[in-house]
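Here is a request for a brisk structural report. Please look over the model first, then read on.

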Amino acid sequence: MTPKFKRASLAAALFLALATGVKAAPLHWAAQNDVLTLDPHSQNHGTTSAILAHAYEGLTRYGKTYQIEPALATKWTQISPTQVRFELRRGVKFHDGSPFTADDVLFSFARIKQPQGTMQAYVNGIAEIKKIDSHTVDFILSAPNPILLRNIIDFRMVSKSWAEKNKSVNLPDVKVKEETFATRNTNGTGPYKITGWQPDQKISMAANKDWWDAANASNVDSVTYSPIKSDATRVAALLSGEVDLLTDLPTQDVAKLRADPKIAIMEGNEVRTIFFAMDQGSDEIRGSSIKGKNPFKDKRVREALSVAIDREAIKRAIMRGLSAPAALMVAPGVNGHTADIDTPAKADPEKAKKLLAEAGYADGFEVPLNCPNNRYVNDEEICQAVVAMWARIGVKAKLQTEPMTTFSPKIQGFEHQLFLFGWGVPTYDALYTIQSLARTKTTGPDGNWNYFRISDAKLDQLTDAIKVEGDVSKRNALLREALLRIRDEHFFIPVHHQVRPWAMKKNVSTVHRSDDRPEARFTNVK
């Protein structure tokens, strides 16, 4: 460590101690998968967003109870139904010492919209951003947007001068493994500076002593994040004291950890739905025994695959009760979800066989199945169980698993045609799911994660109506109709909504987040 960095670390520790009245301390946090990139505009991936939220900020943010708070904007005013003025926080500096201004907002807007990235949903409905002066911008909306302030939380600000200096104006194309300086380096305004990333080993952060929000600083002066794929190794690291906070708990170990007097468990629902996705647009599924046609285009086949799954058995035997069997593509806690339409059908292999026979596949078929093995809770085990369930109805799924770092680019390249996936809703509004996953893929946020080739005119019509409907009750009715259409057409096969217990040493206090994004600013270590 250089003398300059030592002085900075000591200054940050003193700052945090004064701000919190508690001695500064490090935090070692572990989970099962790594980030995909350090570029905040590139990949819409939960772990990546959770890490980068420590370094990069938006104009708004969530408080402890998910209320909208000012962040890099101090105030917003509705000038008209389609024009919102944001007054930017003065005196904010990026980690390299350069000032944050309106030019950075305009630059970040142009950058996040680039088609190589997958973050366009967070600027959904923003037609233009106009600079009024150095610390005032106007958002010009294509239509009234009742969830604008939630959407833009993950619209993170990047320094225009830094990106230009480091040849990172354009986003990299991850499908061809392209990188820029911003892929492995950061320069945000947030409470922590990312000081190093060793892929699949650790990410290091140090407190930003110049952060504008001293009142919300914790006593955590440094964070080390470790991606540990092995369940046993993660738990052993917590029990040995090497790790302070563990947010990917193996379900089979939760009871044991609850009984340990040195460990505290926090538990809550996550707004993430785990599901199987199918390519419904290609004329043929590569690697399938069915040639010349695509069985996933037939609603009866999609329904058969769904009704063959015993979700209660998965909850009981694989998830140890830590899941909520799902019929909808959004979880409780997301606006649009209601319990009355989120009751999955009971497993019925005989009905599934009948549906396959009606569709012309009485003898079943073979098909490749791809799954991540280090992203979602028990992802590989879920896939193995479903392979056996589908085998009972004559569908022979040839399972291949891989880490999320290679799995995600392949999805975006349309390489996988039947696969397990998970989708969280950081905006807490169902439009985020409906528009990103199920609307016909065009440009911007419309279908920007529709790697399933779904195209349904009725659903597109509903989605476009939801975007512009300002009346809350009418909008919620449209959300319900869209979610029901997705459910009843079996465009996806929901398995369950995740329940996320976190484990930590007794001297660690934090706030459980239903978006599964721990925040060091809400964490203290005694």
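## Basis

This is a predicted model: local features need pLDDT of at least 70, side-chain atom pairs count only at pLDDT 80 or more, and totals for chains, interfaces and linings use all residues. Residues are numbered from 1 along each chain as its sequence is written, and side-chain values use heavy atoms, with hydrogens and water left out.

Helices (H or I, at least four residues) and strands (E, at least two) are DSSP runs, numbered from the N terminus.

An open sheet of 4 strands runs in the order E4-E5-E7-E6, with antiparallel pairing. Two strands pair if DSSP finds at least two bridges between them. Strand E4 (73-80) and strand E6 (126-133) are the edge strands, and each pairs on one side only. From one strand to the next, the twist averages 20 degrees. Helix H3 (residues 102-112) packs on the sheet and touches E5, E6 and E7. The direction of H3 makes about 165 degrees with that of E6. Axes are lines fitted to C-alpha atoms, for helices over the stretch in contact, and angles run from 0 to 180 degrees between N-to-C directions.

Inside the sheet, strand E5 (residues 83-88) and strand E7 (residues 136-141) run antiparallel, joined by 5 bridges. Arg85 stands opposite Asp138 in E7.

## Val105 in H3

Val105 lies in helix H3. Val105 is buried, with a relative accessible area of 0%. Buried means under 20% relative accessible area, exposed over 50%, and partly exposed in between (1.4 Å probe, protein chains only). Not counting residues up to four places away in sequence, Val105 touches Leu59, Leu88, Phe100, Ile129, Val137, Phe139, Phe155 and Met157. Contact means heavy atoms within 4.5 Å.

Helix H14 (residues 431-438) packs against H15 at an angle of about 140 degrees, with the axes 10 Å apart. H14 is therefore oblique to H15. Angles under 35 degrees count as roughly parallel, over 145 as roughly antiparallel, 65 to 115 as roughly perpendicular and the rest as oblique. The crossing of H14 and H15 is left-handed: the near helix is turned anticlockwise from the far one by less than a right angle, whereas clockwise would be right-handed. Leu431, Ile434, Gln435 and Ala438 of H14 make the contact with Leu459, Asp460, Thr463, Ile466 and Lys467 of H15.

The axes of helix H15 (residues 457-468) and helix H16 (residues 472-488) come within 9 Å and cross at roughly 155 degrees. H15 and H16 are therefore roughly antiparallel to each other. H15 passes H16 in a left-handed crossing. From H15, Lys458, Leu459, Leu462, Ala465 and Ile466 meet residues of H16, including Arg475, Leu478 and Ile486.

## Loop residues

Where is Asn378 found? Asn378 is in the loop between strand E14 (365-372) and helix H12 (379-391). Asn378 is buried, at 8% relative accessible area. Leaving aside neighbours within four places in sequence, Asn378 is in contact with Thr251, Gln252, Ile318 and Met319.

Most residues other than glycine have a negative phi. Phe414 has a positive phi, near 60 degrees, and sits in the loop between helix H13 (404-412) and strand E16 (418-424). Asp516 also has a positive phi, of about 60 degrees, although it is not a glycine. The loop between strand E18 (508-509) and strand E19 (524-525) holds Asp516. Asp516 is buried, with a relative accessible area of 12%.
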